[in-house]
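Dear colleague,

I am handing over the structure we spoke about, and below it you will find my notes on what turned up when I went through it. Please read them with the coordinates open beside you.

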Amino acid sequence: MTGAIRQKADALMRSEVAAYDSYLRGECYGFELYKNGELSDSCWGFMGNFCDVLKDMAEYLPDECKGMVDHLEEQERPATIIKTLLKHAKIQVDQAAKAFEHASRQQVLGESR
C-alpha cells in the first residue's frame with residue numbers, strides 16, 4: 001500500500017464517519033418547493049452543520065429561489081420519516097385527484113382500458 005492510497009483511504013473513512021455522525025446528531029435537512037399550493041420540487045439528504053447545509057441547498061435551488069435560504073430556519077422537532085412520507089403521499093394523491101377532475105371523461109375512460 002502506497003502512501004497516496006493510505007491517504008485516500010484515510011480521507012474516505014473520515015468522510016464516512018463525519019456523515020454518520022451528522023446522521024446520528026439529527027443534522028439531516030431537506031426542503032420542499034411549492035407552486036400554487038402544489039409540490040413542485042423537493043430534495044432531502046443535506047447533512048452537516050446547518051450553515052454549511054444552507055450553502056449546499058442554495059446551489060441546488062433554481063436561480064429565482066436561491067434567496068429563500070436566507071429565511072430558512074432549523075426546526076427543533078422535525079417530523080418523523082413516517083409522517084413526512086405520509087404527507088408526501090397525501091400531496092401526490094391530491095394532485096392526482098385534481099388531474100383526474102380536469103381530465104375529460106373520454107380521456108379517463110380510454111386510459112382505464
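A search of the whole structure, which is a predicted model, finds 4 aromatic pairs. One of them is formed by Tyr20 and Tyr23, whose ring centres are 6.2 Å apart and whose planes meet at 20 degrees, so the pair counts as stacked. The two tyrosines are 3 residues apart in helix H1, which puts about one helical turn between them, and both Tyr20 and Tyr23 are exposed. Elsewhere in the chain, Phe31, Phe46 and Tyr60 form one aromatic cluster.

The protein chain holds 4 helices and 2 strands, and read from the N terminus the elements follow the order α-β-β-α-α-α. Of the 113 residues in the chain, 17% are buried. Among the contacts with a separation of 6 or more, 36% are made by residues 24 or more positions apart.

The mean pLDDT of the protein chain is 79, and 81% of the residues reach 70 or more. Confidence is highest in H1, with a mean of 90, and lowest in helix H4 (residues 105-112), where the mean is 56; I would ask you to keep that contrast in mind as you read on.

How many salt bridges does the structure hold? The count is 2. In one of them Arg14 pairs with Asp10, the closest N and O atoms being 3.0 Å apart; both residues lie in helix H1 (residues 3-25), where a spacing of 4 residues corresponds to about one turn of the helix. Arg14 is exposed, at a relative accessible area of 58%, whereas Asp10 is partly exposed, at 37%. In the other, Arg25 forms a salt bridge with Asp21, and here the closest N and O atoms are 2.8 Å apart. Arg25 and Asp21 are again 4 residues apart in helix H1, and so about one helical turn separates them. With a relative accessibility of 58%, Arg25 counts as exposed, while Asp21, at 34%, counts as partly exposed.

Apart from neighbours within four places in sequence, Ser22 is in contact with Glu27, Cys28, Met47 and Gly48.

The strands come next. Strand E1 (residues 28-35) and strand E2 (residues 38-47) run antiparallel and are joined by 8 bridges. Within this pairing, Phe31, already mentioned as a member of the aromatic cluster, stands opposite Cys43 in E2, and the bridge partner of Glu32 in E2 is Ser42. The hairpin of E1 and E2 has 2 residues between the strands, and Asn36 takes a positive phi near 55 degrees there.

Finally, the cysteines. How many disulfides does the structure contain? The count comes to 0 disulfides, so I looked at the setting of individual cysteines, with sulfur atoms within 2.5 Å being the criterion for a disulfide. Cys28, one of the contacts of Ser22, is partly exposed, with a relative accessible area of 34%. Cys43, which faces Phe31 across the strand pair, is buried, at 18%. Cys51 is found in helix H2 (residues 50-60) and is exposed, with a relative accessible area of 52%.

With best regards

Conventions: Residues numbered from 1 in each chain as written. Predicted model: local features only at pLDDT ≥ 70, side-chain atom pairs only at ≥ 80, totals over all residues. Heavy atoms only, no water. Salt bridge = Lys/Arg side-chain N within 4 Å of Asp/Glu carboxyl O. Buried < 20%, exposed > 50% of the residue type's maximum accessible area, 1.4 Å probe, protein only. pLDDT = per-residue confidence, 0-100. Phe/Tyr/Trp six-rings, centres within 6.5 Å; stacked < 30°, edge-to-face > 60°. Pairing = 2+ DSSP bridges. Contact = heavy atoms within 4.5 Å.
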